[in-house]
Amino acid sequence: MHKVDVGSYEVKHKYTGEALPSLDTTYYFDQLIDHNDSSLGTFQQRYWFSYSYYQPGGPILIMNAGEDDASGYIGYLTPETITGSLAEKLNGTVILLEHRFFGESNPYPDLSETSYKVHTLQQAIDDHEYFAKNVKLDMPGGDQIGPDKAPWILFGGSYPGALTSYTMYNKPGLFYAGYASSAVVEAISDFWGYYEPTRQFMAKNCSADVEAVIAHVDTVLSSGNTSAIQALKANFGLDAVTHDDDFAYALASVMQTWQDLLLSDNQGSTFFRFCDALEVEIGGKVAGPNGWGLDHALAAWGEYYKESFLPSCEHYLLEQCFDTYDSSNPAYTDTTVNNWVRSWYWLLCNDFGFWQDGAPKSKPTLVSRFVTPAYFERQCTYYFPNTFKNPPQTSVDAAQTDERYGGRNVTTEHLIFLNGERDPWREATVAADGTTHPGTDLQPHLLGEGFHCSDMLIVEGDVNPSVKAVQQKTLQYYAQWLSEWKPSA
């Protein structure tokens with residue numbers, strides 16, 4: 001999900017004019033450490049909320065911030081985002097919840113493997129239930145807003161979007177409705193499809209030249225010719241990188257910047273600057289759809305990489321910056337809290353995979369085939385040596401996750417899936433190429449022209465009619481469904 005700057009946002013109640021606490025006011029909920037053993041006690045789970053638009057009987061909109069420190073996402077309490085905008089239009093309260101083991105919401109004081117025994121998808125799902133049934137919000141009537149007394153709508157984008165679907169599948173009837181944006185519901189270990197939307201929608205001249213360079217890279221790395229391999233690495237300023245797969249993955253970093261793109265603001269984006277470096281000659285002449293060819297692209301990519309990517313390693317020795325083979329590296333061994341990479345990697349190693357690797361030989365590829373699932377799974381054994389032994393290397397059972405929580409095949413009422421056709425994560429969503437479930441009026445599948453989680457930002461709809469249509473359709477569905485809701489208490 002994209003962060004939204006709230007600046008000096010003034011918080012007042014829309015109908016009474018009452019001044020309300022600032023959006024960055026942090027609240028704490030006593031969450032169970034282990035939902036299977038309440039005797040272990042509770043930890044403080046952070047949340048933020050706004051009732052600026054709330055009217056009695058209105059819905060409770062709650063968004064899990066997912067794999068990051070949630071304090072950076074309080075913009076989702078404002079009308080600049082889909083959650084805040086819908087809260088305003090539906091007279092609801094909006095809540096931002098921090099995921100366990102991210103930010104400062106930690107059941108234990110470290111991120112050790114022992115602590116991670118309660119870092120599971122099911123525990124996160126159970127957090128949603130316990131929070132919804134027990135939270136008392138500091139607002140008028142805030143102790144009378146449980147799911148039996150008010151309609152709750154669960155929101156999320158990317159992994160939290162998947163968590164929305166998983167929760168509604170696992171706990172039917174708890175949340176009245178859901179919003180799953182770019183929801184990566186289908187766990188996939190060998191996730192070469194991550195780069196497919198990029199390849200399909202990037203400029204054709206740029207994709208042609210990238211494919212040519214990567215084919216050359218794989219040919220040279222496969223040759224066993226030491227001098228040729230060293231010369232290739234030196235072209236990108238990476239001659240000190242010892243391991244060939246580390247070198248190959250370093251080149252993939254350029255392709256990964258596609259995920260950062262927005263419809264509303266791509267000026268100066270890393271990805272488009274990269275393609276310009278490959279395809280626009282001095283004087284402004286642009287390559288045709290087949291690109292300039294290998295020689296030009298190889299030299300241009302090398303120069304761009306040295307100028308734009310290597311400076312990020314200026315505080316490290318080059319080998320240390322790219323080396324994934326040193327199991328004593330603090331990146332693997334540091335267990336202090338608020339380390340989102342470590343906590344996310346635990347979920348990847350155990351539940352998802354999502355290893356973003358090169359495509360099969362039968363497919364065109366933007367990323368070297370020296371980048372394989374084994375490249376990432378080896379790192380699981382460094383991060384978590386007591387859980388994943390080396391050898392053998394871990395093998396994520398993605399199919400088990402899909403079976404347990406429904407994957408792409410969920411049929412959950414009042415759950416809206418929203419996707420962008422340019423989203424690199426699309427192949428893990430219900431909008432993947434070749435999927436056959438079109439959605440229904442009770443489980444709509446809405447597709448716009450956006451990138452990753454574009455529909456969650458109102459400005460994306462302001463600049464793109466397809467995203468605007470998706471946002472407006474969502475409001476229509478919720479308005480209809482909420483008119484049919486009845487309390488059970």
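Visitor: Where is Arg408 found?

Guide: The model under discussion is predicted. In this model, Arg408 belongs to the loop between helix 14 and strand 7 (415–420).

Visitor: How many residues apart in sequence are Arg408 and Ala162, and what is the C-alpha to C-alpha separation in space?

Guide: In sequence, Arg408 and Ala162 are 246 residues apart. Leaving aside neighbours within four places in sequence, the contacts of Arg408 include Val185, Glu186 and His437. The C-alpha to C-alpha separation of Arg408 and Ala162 in space is 9.8 Å.

Visitor: How are helix 3 and helix 14 (residues 398–405) oriented to each other?

Guide: The axes of helix 3 and helix 14 come within 9 Å and cross at roughly 55 degrees. Angles under 35 degrees count as roughly parallel and those from 65 to 115 as roughly perpendicular. Helix 3 and helix 14 are therefore oblique.

Visitor: Which parts does the aromatic pair of Tyr159 and Trp344 tie together?

Guide: The whole structure holds 50 aromatic pairs. One of them joins Tyr159 and Trp344, with 5.3 Å centre to centre and 50 degrees between the planes, and is tilted. Because Tyr159 lies in helix 3 (residues 159–170) and Trp344 in helix 12 (residues 340–352), the pair ties together parts that are 185 residues apart in sequence: helix 3 and helix 12.

Visitor: Are helix 5 (residues 204–223) and helix 9 (residues 294–308) roughly parallel or roughly perpendicular to each other?

Guide: Helix 5 and helix 9 pack with their axes 9 Å apart, at an angle of about 85 degrees. Angles of 65 to 115 degrees count as roughly perpendicular. Helix 5 and helix 9 are therefore roughly perpendicular.

Visitor: Which residues of helix 9 meet helix 5?

Guide: The residues of this contact between helix 5 and helix 9 divide into 8 nonpolar, 1 polar and 1 charged. Helix 5 contributes Asp209, Val210, Ala212, Val213, Ile214 and His216. Helix 9 contributes Leu294, Ala297, Leu298 and Trp301.

Visitor: What is the volume of the second largest pocket?

Guide: The second largest pocket is lined by 15 residues, and His13, Tyr54, Gln55, Pro56 and Pro140 lie nearest its centre. By class, the lining divides into 6 nonpolar, 7 polar and 2 charged residues. The volume of the second largest pocket is about 190 Å³.

Technical notes: Residues numbered from 1 in each chain as written. Predicted model: local features only at pLDDT ≥ 70, side-chain atom pairs only at ≥ 80, totals over all residues. Heavy atoms only, no water. Axes fitted to C-alpha atoms, helices over the stretch in contact; angles between N-to-C directions. Helix = DSSP H or I, 4+ residues; strand = E, 2+ residues; numbered from the N terminus. Parallel < 35°, antiparallel > 145°, perpendicular 65-115°, else oblique. Contact = heavy atoms within 4.5 Å. Nonpolar A, V, L, I, M, F, W, Y, C, P; charged D, E, K, R; others polar. 1 Å grid on protein atoms, 1.4 Å probe; cavity = no way out; pocket = protein on both sides within 12 Å on 5 of 7 lines; lining within 4 Å. Points joined across faces, edges and corners; volume = space filled by probe spheres on them. Phe/Tyr/Trp six-rings, centres within 6.5 Å; stacked < 30°, edge-to-face > 60°.
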